[in-house]
Amino acid sequence: MNWDSVPKGIKALGITLGGHVLLGAYALINIVDHHNENTRVPLNHSYLSIFSNLTTETIPLVKHINETDLADIDFAQFSKTASDPRPFTVDNLVKALNK
């Protein structure tokens, strides 16, 4: 919910995984794809499941979103123009961060 601390009287949710940051990254990937290969990669309407429960596996990604930058992730692997494009998912972002 992007609160630094949960407001009084509101129950904390377990889906605090920087949705707007991840959607922004996905949008930039698609813009680059369209720019580089606009005849092969049209801009499409997509549904992404980028909200996930906070787990021990996702904590490193959350820390990178909130405390550092995401330069440790090679986002090119999620491009449709990559030789073997990976789906843009929270699990794959965590795996990319751990490489």
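**Overall picture**

What percentage of the 99 residues of the protein count as buried? The share is 28%, where buried means under 20% relative accessible area, exposed over 50% and partly exposed in between, with a 1.4 Å probe and protein chains only. This is a predicted model, in which local features need pLDDT of at least 70 and side-chain atom pairs count only at pLDDT 80 or more, while totals for chains, interfaces and linings use all residues. Residues are numbered from 1 along each chain as its sequence is written, and side-chain values use heavy atoms, with hydrogens and water left out.

The protein has three helices and zero strands; these are DSSP runs numbered from the N terminus (helices H or I, at least four residues; strands E, at least two).

**The nonpolar core**

The largest nonpolar core holds 15 residues, such a core being a set of buried Ala, Val, Leu, Ile, Met, Phe, Trp, Tyr and Cys residues joined through side-chain atoms within 4.5 Å. Two or more residues come from each of helix 1 (19–36), helix 2 (59–67) and helix 3 (90–98), and helix 3 gives the most, with five residues.

Leu-93 is among the residues with the most contacts inside this core. Leaving out residues up to four places away in sequence, Leu-93 touches Leu-22, Leu-61, Ile-73, Phe-75, Phe-78 and Phe-88, where contact means heavy atoms within 4.5 Å.

**Gln-77 in the loop**

Gln-77 lies in the loop between helix 2 and helix 3, and it counts as buried because its relative accessibility is 15%. The side chain of Gln-77 reaches the backbone oxygen of Asp-74 at 3.0 Å. Beyond its neighbours within four places in sequence, Gln-77 is in contact with residues including Ala-82, Asp-84 and Lys-99.

Key
A polar contact is a pair of N or O atoms within 3.5 Å; within protein, one must be able to donate a hydrogen and the other to accept it, and residues adjacent in sequence count only if both atoms are side-chain atoms.
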